[in-house]
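Work through the exercises below with the sequence and the 3D view at hand. Try each task before reading its solution.

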Amino acid sequence: MAALPTGRAHVDSLGRALPAFAEQVDRLEAWGRQLATTLDRGGRLLAAGNGGSAAQAQHLTAELVGRYRDERRPLSALALHAETSSVTAISNDYGPEEVFRRQVLAHGRPGDVLLLLSTSGSSTNVLAAAEAAARTDLTVWALTGPAPNPLAGAAHDAVAVEADHAATVQELHLVAIHLLCAAIDVALGASQPLEVSTP
């Protein structure tokens with residue numbers, strides 16, 4: 001059985017992963033600006049994941065439909081796993097690997113963005129959604145664990161978190177979500193960027 005980091009070891013694991021993750025800030029802010037343009041012109045964000053990644057996808061969509069920090073108009077964002085009747089019906093009739101793919105085909109429009117979260121990068125239902133989105137002219141972004149992995153390869157762009165444990169990957173995915181939200185709000189003029197002081 002593999003050792004699980006607890007206490008200070010957990011914090012140390014996060015600290016080791018953070019410097020490499022910091023190199024992704026510019027990419028995430030570029031995603032935020034692109035997504036702001038998409039949403040501002042009436043496009044939509046679709047987001048999905050499994051387990052803890054599903055909770056984080058829903059966190060993102062809630063911040064966009066509600067607000068992240070400052071007041072702005074609601075933005076169109078759907079967490080595909082959150083519509084329980086569709087999820088259970090699709091799983092029952094077509095199998096679990098179809099759960100997100102069919103919703104992408106139903107809700108996605110050319111020019112929309114699909115953001116997929118997976119710590120492993122190998123979940124079959126998430127991969128099926130990425131393939132369907134790419135075929136229907138959606139932009140596909142992925143937040144994953146260590147690369148290379150199938151989802152990072154299937155997406156148009158990906159942020160892969162290099163960490164030893166899924167919990168650390170999920171913690172940095174949450175940071176990525178907050179960076180996206182902040183970049184969107186700045187791009188839409190709802191917030192002002194915070195100036196970083198340098199020593």
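**Exercise 1: a residue in a helix**

Leu179 is part of helix 8. The model is predicted.

Task: Decide whether Leu179 is buried, partly exposed or exposed.

Solution. Step 1: the relative accessible area of Leu179 is 22%. Step 2: buried means under 20% and exposed means over 50%. Step 3: Leu179 is therefore partly exposed, because its 22% lies in between.

Task: Find which residues Leu179 contacts, leaving aside neighbours within four places in sequence.

Solution. Step 1: Leu179 is in contact with Phe21, Val25 and Leu28. Step 2: look also at Trp31, whose C-alpha atom is 9.6 Å from that of Leu179, although 148 residues separate the two along the chain.

**Exercise 2: the largest pocket**

Task: Describe the lining of the largest pocket.

Solution. Step 1: the pocket holds about 420 Å³ of space. Step 2: there are 15 lining residues, and those closest to the centre are Glu29, Ala182, Val186, Pro193 and Leu194. Step 3: helix 2 (25–40) and helix 8 (166–187) are the elements that each give two or more residues. Helix 8 has the largest share, with six. Step 4: by type, the lining has nine nonpolar, two polar and four charged residues.

**Exercise 3: a covered strand**

Task: Work out which faces of strand 3 are covered, and which strands pair with it.

Solution. Step 1: side chains in a regular strand alternate between the two faces of the sheet. Step 3: strand 3 runs parallel to strand 1, with four bridges, and parallel to strand 4, with six. Step 4: from strand 3 the chain passes through helix 6 to strand 4 in a right-handed β-α-β crossover.

How values were computed
Residues numbered from 1 in each chain as written. Predicted model: local features only at pLDDT ≥ 70, side-chain atom pairs only at ≥ 80, totals over all residues. Heavy atoms only, no water. 1 Å grid on protein atoms, 1.4 Å probe; cavity = no way out; pocket = protein on both sides within 12 Å on 5 of 7 lines; lining within 4 Å. Points joined across faces, edges and corners; volume = space filled by probe spheres on them. Nonpolar A, V, L, I, M, F, W, Y, C, P; charged D, E, K, R; others polar. Buried < 20%, exposed > 50% of the residue type's maximum accessible area, 1.4 Å probe, protein only. Contact = heavy atoms within 4.5 Å. Pairing = 2+ DSSP bridges. Right-handed = clockwise from strand over helix to strand, strands pointing away.
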